[in-house]
Amino acid sequence: MTVLACDVGGSRIKLGVVGGGRILASDVIPADSQLGLAQALPRIALAFDRLQAESGVQVADCCGIGMGFPALVDSRRCKILNEYGKYADAPQVDLSAWAAGTFDLPLAIDNDARLALMGEWTHGAGRGSNNLAIITLGTGIGTAVVLEGRVLRGQHFSAGNLMGHSVVNMGGRECSCGVRGTVESETGSVHLEDRARRVPGFDESALAQCDRVDYAAVCRAAASGDAVAVEVLRQASDIWGALCVNMIQAFDLDRVVIGGGVMESAEIVLPMIQGYVAEHAGTWWGTAEILAAEHPRGMALLGCEALVNEIHGQRDPRSNE
């Protein structure tokens with residue numbers, strides 16, 4: 001099947017034409033999320049028109065539109081349930097009506113981390129496992145779970161999605177959700193520079209010379225042996241490892257796939273997380289796999305095909321027939 005795919009982010013919106021587990025054409029447009037979701041829809045439609053021309057796939061060839069959104073989503077009613085300071089109008093936007101009126105196609109929408117999970121489950125590092133999770137590491141921490149071969153959503157559509165807001169440091173930094181010491185507030189990129197400055201020796205560190213202290217800079221410095229960068233990364237990777245352990249134990253998982261911008265430096269970050277999990281998971285049956293996403297930039301777009309397949313095709317989302 002072929003679908004129009006849209007991964008709505010806070011700063012960028014990724015779009016694609018996806019079919020048979022392949023991204024046939026793709027584009028990225030600015031989000032301007034502070035202006036709301038409604039203002040982005042005409043630009044999304046224009047981008048889809050360009051992608052159809054580029055790919056040679058017409059709307060009539062598509063089975064639907066798949067969309068990932070960075071909030072909790074009622075996938076049955078195609079309704080965005082909340083917003084986290086971005087796209088403030090999103091819960092009021094009728095996306096199904098937009099999809100039908102603009103393209104005469106049905107819409108399937110879900111949380112963006114869940115879409116990323118579905119993409120990796122069907123065509124990436126999640127293949128072959130029916131009990132797995134994804135963790136996306138970036139500005140925020142996204143999570144989603146497949147349990148016994150079914151995408152976990154729950155009665156309020158939050159099951160598996162909020163593990164980035166689990167507490168790992170009582171009394172730590174306040175998170176955007178209002179809770180202190182969550183995985184996101186302790187490791188998200190928003191507070192990274194402040195955390196680095198608190199490590200002894202920062203003024204002599206290579207990080208002190210950076211215009212912007214982000215995870216790319218931290219990983220570069222750590223690879224060069226900078227002691228402060230190594231310590232910053234160790235602190236973060238221990239928390240990410242603890243998140244993996246919590247999810248493995250809570251959901252009885254045999255695999256966790258890790259994606260997001262931080263994994264641009266997977267060769268440094270992944271072994272640290274794997275080491276923590278191997279030491280602390282305590283799984284009597286063996287060791288859960290901790291793998292890097294195979295499609296870090298396109299996993300949610302690939303997941304759009306699986307979601308449309310599930311919602312409108314009434315088939316196993318792993319099927320592409």
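Two strands count as paired if DSSP finds at least two bridges between them, and the strands and helices named here are DSSP runs numbered from the N terminus (helices are H or I with at least four residues, strands E with at least two). This is a predicted model, where local features need pLDDT of at least 70 and side-chain atom pairs count only at pLDDT 80 or more, while totals for chains, interfaces and linings use all residues. Residues are numbered from 1 along each chain as its sequence is written, and side-chain values use heavy atoms, with hydrogens and water left out.

**View 1. An open sheet of 5 strands.** The order is β10-β9-β8-β11-β12, and the pairing is mixed. β10 and β12 (289-292) sit at the edges with a single partner strand each, so one side of each has no neighbour in the sheet. Strand β11 (residues 255-259) runs parallel to β12, with 4 bridges between them. Look for V256, whose bridge partner in β12 is I290.

View 2. In β1 (residues 2-8), 7 of the 7 residues are buried, so the strand is largely enclosed by the rest of the structure. T2, L4, C6 and V8 point one way, while V3, A5 and D7 point the other. β1 pairs antiparallel with β2 (residues 12-19) over 7 bridges, and a hairpin through 3 residues links the two. β1 also runs parallel to β4 (residues 65-69), joined by 4 bridges.

**View 3. A salt bridge between R127 and E294.** A salt bridge is a side-chain nitrogen of Lys or Arg within 4 Å of a carboxyl oxygen of Asp or Glu; the count comes to 17. In this one, the closest N and O atoms are 3.0 Å apart. R127 is in the loop between α3 and β8 and E294 in the loop between β12 and α9 (299-313), so the pair ties together parts 167 residues apart in sequence. R127 is partly exposed at 44% relative accessibility, and E294 is partly exposed at 43%.

View 4. R234 and D238 both lie in α7 (residues 227-251), 4 residues apart, or about one turn of the helix. Their closest N and O atoms are 2.8 Å apart.

Notes:
Buried < 20%, exposed > 50% of the residue type's maximum accessible area, 1.4 Å probe, protein only.
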